[in-house]
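Please consult the sequence and the three-dimensional view while reading.

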Amino acid sequence: AALLSRAAGAALYGSFAFFFLALAIATMVPAVVLGECYRRKMSALRSIRAGVAAWIAVYLTAIVAATLMGVNLTHELSGNIRGTLDLFLTESARSAITDEALQQYIELNIMLMPFFLIVSATFLTAVTHTVTRRIGNRMKGLAIPMLPKMRDWKLPKALVWLYLIALILEMFVPVDRSSFLSTIVVNVVPLFMLTFVVQGLAFLAFLGYIKRKAWIPWVGFGAVVLIYPLYMPFSLLGVFDTAFPIRERLRKS
């Protein structure tokens, strides 16, 4: 019924009907997957993993469909990136960028598409789970599991070694769109970095909890979002929190 109502509404938009119908179907798939996970009473983490996998499947299906329809995705992405730069950069800034540098930037962003897809899928699933849980837990007979408190989040130590291997490979593997290994390295390094940034924020949440200062993680989150140069220090904080027993020492102090 929900899908039919969305399709009927999409028809009202004339030439945009196909777009809205495709969008409705795309958003329904992850929603159905999450709903099935909740019905089976899976843990929050397993449900989110399934939701992320559903979003990625939707993305890949859309990419395959667009390719079969004759859409040149590389050309479209290149045009969108150029248009975005023209929109936000001043005339003097655009003139300072050489064609070679611009082309390298575009190629790098195209190579980073798997990273962007994974991050967006995770973000959309996390938001959907959070909103659904708040609504669902107010309804009788519907209990949706919650994730552990952020202050309790802790990554496996093995990820530190994998991150180190990825960083070493990044130093020796040249950026090349035609190289499968280069594409993997280009996407894995920022993915690890972002993961450890989140771990760094989790450490600040733990620090704020034991110090009874709730503002600490909020300041850290604001700093990461607003001040990009702090991205790397927060990632290192997450690495140290994962690799060393810092929390145990803080508990004893």
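## Helix 10

In this predicted model, the buried residues of helix 10 are Ile216, Pro217, Gly220, Ala223 and Val224. Viewed down the axis of helix 10, these buried residues lie within an arc of 125°, so they line one face of the helix. An α-helix has 3.6 residues a turn, so residues three or four places apart point the same way.

On the other side of helix 10, the exposed residues are Trp215, Trp218, Val225 and Leu226. The cover over the buried residues of helix 10 includes helix 9 and helix 11. Helix 10 consists of 12 residues and spans 16 Å from its first C-alpha to its last, close to the 16 Å expected at 1.5 Å a residue.

## Helix 11

Helix 11 comprises residues 231-243. Its 13 residues reach 19 Å from the first C-alpha to the last, close to the expected 18 Å. Buried in helix 11 are Tyr231, Phe234, Ser235, Gly238, Val239, Asp241 and Thr242. Because they cover an arc of only 165° around the axis, they are on the same side of helix 11.

The buried residues of helix 11 pack against helix 8 (158-172), helix 9 (180-210), helix 10 (215-226) and helix 12 (246-252).

## A nonpolar surface patch

Phe123, Leu124, Val127, Val131, Ile135, Met139 and Leu142 make a nonpolar surface patch of about 610 Å². One of these residues, Val127, is located in helix 7 (residues 113-136). Val127 counts as partly exposed because its relative accessibility is 37%, and the partly exposed class lies between under 20% for buried and over 50% for exposed.

How values were computed. Residues are numbered from 1 along each chain as its sequence is written. This is a predicted model: local features need pLDDT of at least 70, side-chain atom pairs count only at pLDDT 80 or more; totals for chains, interfaces and linings use all residues. Side-chain values use heavy atoms; hydrogens and water are left out. Patches are made of residues with over 30% relative accessible area and no salt bridge: like charges are joined within 9 Å, nonpolar side chains (Val, Leu, Ile, Met, Phe, Trp, Tyr) within 5 Å. Accessible areas come from the Shrake-Rupley method with a 1.4 Å probe; for residues, only the protein chains shown count as cover. A salt bridge is a side-chain nitrogen of Lys or Arg within 4 Å of a carboxyl oxygen of Asp or Glu. Helices (H or I, at least four residues) and strands (E, at least two) are DSSP runs, numbered from the N terminus. Buried means under 20% relative accessible area, exposed over 50%, partly exposed in between (1.4 Å probe, protein chains only). The expected span of a helix is 1.5 Å times one less than its number of residues. The arc is that of the directions from the helix axis to the C-beta atoms. Contact means heavy atoms within 4.5 Å.
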